[in-house]
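Visitor: I am new to this structure and would like to be walked through it. Please show it, and then I will ask my questions.

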Amino acid sequence: MFDQILGLPAHALVIHFAVVLVPLLAAVAVVHALVPRWRPYVAWAAVLLSLAGPVAVFAAKESGERLKEARFATAEGDLGRAIATHESFATPLLLSASGLAAVTLLLVHATRPARDSVGRDRFGRPISLVLSGLTVVLAAVAGYFCFLAGDSGARAVWGL
């Protein structure tokens, strides 16, 4: 399933979803956390990106493992080290993107106005502030690992 798409290595195609969706998720989540007046406008994007971002990272991780098994299982030397470095960022990226998605979904739910009080957060301001802080931290962590994974992959492929 994660091996090829129309005869091309799936990893080369799938990674672009992860490289685009995770930074978008981070940016939209931070906007939702820090700019309350924009929440009604970005909540839908935060929810969709929270669902799609981790799925894209999972697909990139799995397709990368299939690509390594199929073509680079015996890679040694500089190439082997470059692949190992790139591969080492997959799990931290998946975990941080998944954590960001979960906290973002909680934040979107928590900051929806309660039915009985216009303009007030559903669970109260302290919980919204904690979730906002976690969102900003996890966005930075996910963005960092996305950069490291993308940069190390480009260096492995292009020999930069």
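**A walk through the chain**

Guide: Of the 160 residues in the protein chain, 39% count as buried. Please keep in mind that this is a predicted model.

Visitor: What pattern does the protein chain follow along the sequence?

Guide: The protein chain has five helices and two strands. Read in sequence order, these elements give the pattern β-β-α-α-α-α-α.

Visitor: How much of the accessible surface of the protein chain belongs to carbon and sulfur atoms?

Guide: The C-alpha trace spans about 60 × 30 × 20 Å along its principal axes. The accessible surface of the protein chain comes to about 9,400 Å². The share that belongs to carbon and sulfur atoms is 70%.

Visitor: Among contacts with a separation of 6 or more, what share comes from residues 24 or more positions apart?

Guide: Contact here means heavy atoms within 4.5 Å. Of the contacts in the protein chain with a separation of 6 or more, those between residues 24 or more positions apart make up 74%.

Visitor: Are helix 1 and helix 2 roughly parallel or roughly antiparallel to each other?

Guide: Helix 1 covers residues 10–34 and helix 2 covers residues 39–71. Their axes come within 7 Å and cross at roughly 150°. Angles over 145 degrees count as roughly antiparallel. Helix 1 and helix 2 are therefore roughly antiparallel.

Visitor: Which hand does the crossing of helix 1 and helix 2 have, and how many charged residues are in their contact?

Guide: Helix 1 passes helix 2 in a left-handed crossing. The residues of this contact include 23 nonpolar and six polar ones. The number of charged residues is one.

Visitor: Is H32 buried or exposed?

Guide: H32 is found in helix 1. Leaving aside neighbours within four places in sequence, H32 is in contact with R39, V42, A43, L107, V108 and T111. Residues under 20% relative accessible area count as buried. Because the relative accessibility of H32 is 2%, H32 is buried.

Visitor: And L95, is that residue buried or exposed?

Guide: L95 lies in helix 4, which covers residues 90–110. A relative accessible area over 50% counts as exposed. With a value of 59%, L95 is therefore exposed.

Visitor: How far apart in space are L95 and F58, C-alpha to C-alpha?

Guide: In sequence, L95 and F58 are 37 residues apart. In space, the distance from C-alpha to C-alpha is 9.7 Å.

Notes:
Residues are numbered from 1 along each chain as its sequence is written. This is a predicted model: local features need pLDDT of at least 70, side-chain atom pairs count only at pLDDT 80 or more; totals for chains, interfaces and linings use all residues. Side-chain values use heavy atoms; hydrogens and water are left out. Axes are lines fitted to C-alpha atoms, for helices over the stretch in contact, and angles run from 0 to 180 degrees between N-to-C directions. Helices (H or I, at least four residues) and strands (E, at least two) are DSSP runs, numbered from the N terminus. Angles under 35 degrees count as roughly parallel, over 145 as roughly antiparallel, 65 to 115 as roughly perpendicular and the rest as oblique. A crossing is left-handed if the near helix is turned anticlockwise from the far one by less than a right angle, and right-handed if clockwise. Ala, Val, Leu, Ile, Met, Phe, Trp, Tyr, Cys and Pro count as nonpolar, Asp, Glu, Lys and Arg as charged, and the others, Gly among them, as polar. Buried means under 20% relative accessible area, exposed over 50%, partly exposed in between (1.4 Å probe, protein chains only). Accessible areas come from the Shrake-Rupley method with a 1.4 Å probe; for residues, only the protein chains shown count as cover.
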